Amino acid sequence: MGHCGHGGHGDHVAQFRRLFWVNLVLAVPVVAFSPMFAMILGYSVPGWATLIAPVIGTVMYVWGGSPFLTGAVSEIKARKPGMMLLIALGITVAFLASWGATLGLLHHELEFWWELALLVVIMLLGHWIEMRSLAQTTSALDSLAALLPDEAERVEGETAVTVSPAELRVDDLVIVRPGGSVPADGMIVDGRAAMDESMITGESHPATRSEGDAVTAGTVATDSGLRVRVTAIGDDTTLAGINRLVADAQNSSSRAQRIADRAAGWLFWFALAAAVITAIVWMLVGDPDAAVMRTITVLVIACPHALGLAIPLVVSIATERAARGGVLVKDRLALETMRQVDAVLFDKTGTLTKGEPVVTGVAPVGDVDEHALLALAAAAEADSEHPLAKAIVAAASDRGLSLAPATGFSSSPAVGVTATVAGHEIRVGGPRLLEETGQPEIGAADAWRAEGAIILHVVRDGIMIGGLKLADEIRPESRDALAALHRLGVEVVMITGDAAAVAGRLLANSVSTVCSRACAPKIRPRRWPSCSTKARLSRWSATVSTMPPPSRKPMLVSLSGRAPMWQSRRQG
C-alpha cells in the first residue's frame, strides 16, 4: 500500500523487521498482564504487576507505533487520509483510553492495553511483509549502478588524470582502455572497438563503434581503446533513465492496494462519523458514561486489522512465488491483470536465449580435425577480453582440449587476433581478416549466415584451415514454455534487436510473432503491436513477421515511424 515516506525500501525492510520482532516480545507481557484480557480468560493480575502493561504498552505505542504516527502526520499535511492515519487513530485512542482506565478516570472496560499491543504487532507484520515485497527488485538498481566504473581517466592537456565518474562534465575527454567500461554517455573522437552493449540493449553480439559514434555509460570496449567526448552526465544519461524506470516500477501499487488505500481513507471518515453519531445518540438517551465508552470502542475497532495485513500478505506471496519461477514483477498492477492476458511478449536475449555467445559449430578445412582447429583458435584467443574469444576458450575447455601457449598476441579492431601457437602464426577473425589474407570463405559460411550466426575464420600461416560458428543459444526450457503458452491459447511475441536473419531462425521455434530491429531501449515502444494483421503501432518503426497456422505461409509487414519512449529490458 502506497504510504507517504516509504522510499528506500531496503532500509524499511530492516526497520519493520526489527520493530516487529522486538514489539512481538514486548507484546507478550502486555497482553498477559492486561486486566481486561485477564478478565476475559478468567484470571486476575497480581497487584505488583498492574503497571507492567501500561509501562510496556507506552513503549510499544511510542516506539512501535512511530512509523504509523509519522505517516499519519504526513497524510494530514497532504490532506489525504489513508491507512496510516486510520492505524494511528486506532492506536492513539486505545493508548489514551487505556491510560484513562488505568488511572481510574474512565471505566475499567476501556482498558485496551492488550488490544493496543496486538494492533501494533499485526500492523508492523503487515508493513514488514509489504516492504520486503517492494525491496525484492532493489538489486536491479544496484546492478545498474555497478555498470559504471569506479574511476575514469580524464584527459587534461597532455596527461590523463584519474577521477570519479561523478566529477566528469560535458565536453570532457576521457580514455577508455581495452576491456574497460565507458564512464559517461559520449561520442567517440578517436579509436574503433567492438562494444559489449548487452547490459543496455540486451543483445549479446558486440557492436563495432568508431569515430563519430555515440556510446553509452556502462558499455565495455572489448578489444581496443577509445577516446570519448562526454555528451551527457547525471540524470541525462541513458542509465539514469533506466534507473528511473526501475524505481517507478518498484513504487507501483496494484489495483487491490489502491482500493485498500482508498477504502482506508473512506473508513477514516466513516469511523469519525460513526463515533460522533454514537456519542450523540447515547448522550441523548441520558447515558454519558456509555457514550464515552462506546465512542472510544468504535474508534478502536475501526482500525483495519485485516485490511492492513491481508493485502500486503497476498501481494508478497504472489510476488515471491513469481520470483521463485524466475519472473520479476515490475508493476504489481500487471500481476493482477495477468488472468486477462492473451499475448505474451518475450525479450529474446537472456530470456528465450542464454544471453551469451557459444560455439555451436566447427568446420575444419584440409587435414585439420575439429578438435585441433578449436584448440588452435582458443590458444590464439586466450589473452583476449572479447566475448567471442571467451566463448571459444570456454568451448575448448568444455571439450577437455589442452591449449598450447601463445606468444606475440595482438588484436586489431574489426579484423581479429593474431598469435604464435606452436611455431605457427594463427589468426582468428571475420570478413576483414579474409580480405587481408586473400583467403576464401569456408563452404558452410552461407548456411551459417542464413541462420544468423557469427562466423569466425581461422588462418594458419596465411592458409585457411577452418571456421567457427557462434550463436546465442536458445534455452532448452524455452520451447517447452512456449508450447505450454500455445496450448493455453496465448500468442507469443518475441522482441529482438538482432538482425532479421537471427529473428528468422528463432521464428521456427514456436514463436507466433517476431518484432525485429537493432535498437537500443530508448527506441523500443511502450505500446507494442497487436498480434493481428491490423497491427497498431505508436509512432514506431519495426519489421513484424507474423507466423500463422502451418497451413498458411508467413506474412511480412513493414511499418515505419519513430518511437518517443523506451523501456528497460527483461523486467517482466
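Which residue takes a positive phi just after α4? The residue is Arg79, with a phi of about 55 degrees.

## The chain as a whole

Welcome to a predicted model, in which local features need pLDDT of at least 70, side-chain atom pairs count only at pLDDT 80 or more, and totals for chains, interfaces and linings use all residues. Residues are numbered from 1 along each chain as its sequence is written, and side-chain values use heavy atoms, with hydrogens and water left out.

The protein chain has 20 helices and 20 strands; these are DSSP runs numbered from the N terminus, with helices being H or I of at least four residues and strands being E of at least two. Of its 572 residues, 47% are buried, where buried means under 20% relative accessible area, exposed over 50%, and partly exposed in between (1.4 Å probe, protein chains only). Among contacts with a separation of 6 or more, 67% join residues 24 or more positions apart; a contact means heavy atoms within 4.5 Å.

## Spans listed by UniProt

An unreviewed UniProt entry lists residues 20-45, 51-73, 85-106, 112-129, 263-285 and 291-315 under "transmembrane region". Such positions are given in the numbering used here, feature names are shortened, and annotations may be inferred rather than shown by experiment.

What does the model show for two of these spans? Residues 51-73 are 91% helix and 0% strand, and their end C-alpha atoms are 30 Å apart. Residues 112-129 are 94% helix and 0% strand, with 26 Å between the end C-alpha atoms.

Helix α4 covers residues 66-78, which makes 13 residues. From its first C-alpha to its last it reaches 18 Å, close to the 18 Å expected at 1.5 Å a residue; the expected span is 1.5 Å times one less than the number of residues.

Which residues of α4 are buried? They are Pro67, Phe68, Gly71, Ala72 and Glu75. Seen down the helix axis, these buried residues fall within an arc of 130 degrees, so they line one face of α4; the arc is that of the directions from the axis to the C-beta atoms. An α-helix has 3.6 residues a turn, so residues three or four places apart point the same way. On the face of α4 turned away from the buried side sit the exposed residues Thr70, Ile76 and Lys77.

The largest nonpolar core holds 43 residues, and Met60, Ile91, Leu116 and Leu124 touch the most other members. A nonpolar core here is a set of buried Ala, Val, Leu, Ile, Met, Phe, Trp, Tyr and Cys residues joined through side-chain atoms within 4.5 Å. Two or more residues come from each of α1 (9-32), α3 (52-64), α4, α5 (83-102), α6 (113-134), α10 and α11 (288-301). The most come from α5, which gives 12 residues to this core.

Leu116 touches Gly57, Tyr61, Ile91, Ala94 and Phe95, not counting residues up to four places away in sequence. Apart from this core lies another, of 28 residues, among them Leu376, Ile465, Leu468 and Leu470.

Ala271 belongs to helix α10 (residues 255-284) and is buried, at a relative accessible area of 2%.

Arg154 lies in strand β1 (residues 152-156) and is buried, with a relative accessible area of 15%. Its side chain makes a polar contact of 3.0 Å with the side chain of Glu156. A polar contact is a pair of N or O atoms within 3.5 Å; within protein, one must be able to donate a hydrogen and the other to accept it, and residues adjacent in sequence count only if both atoms are side-chain atoms. Beyond four places in sequence, Arg154 touches several residues, including Thr159, Glu167 and Asp172. Asp185, in strand β4 (residues 185-191), is buried too, at 8%; the residues that Asp185 touches include Val215, Arg229 and Asp236.

## Exposed loop residues with positive phi

Asp171 sits in the loop between β2 (159-163) and β3 (173-176). Asp171 is not a glycine, yet has a positive phi of about 80 degrees, and counts as exposed at 52% relative accessibility.

Ala422 is in the loop between β13 (416-421) and β14 (424-429). The phi of Ala422 is near 50 degrees, a positive value in a residue other than glycine, and Ala422 is exposed, with a relative accessible area of 59%.
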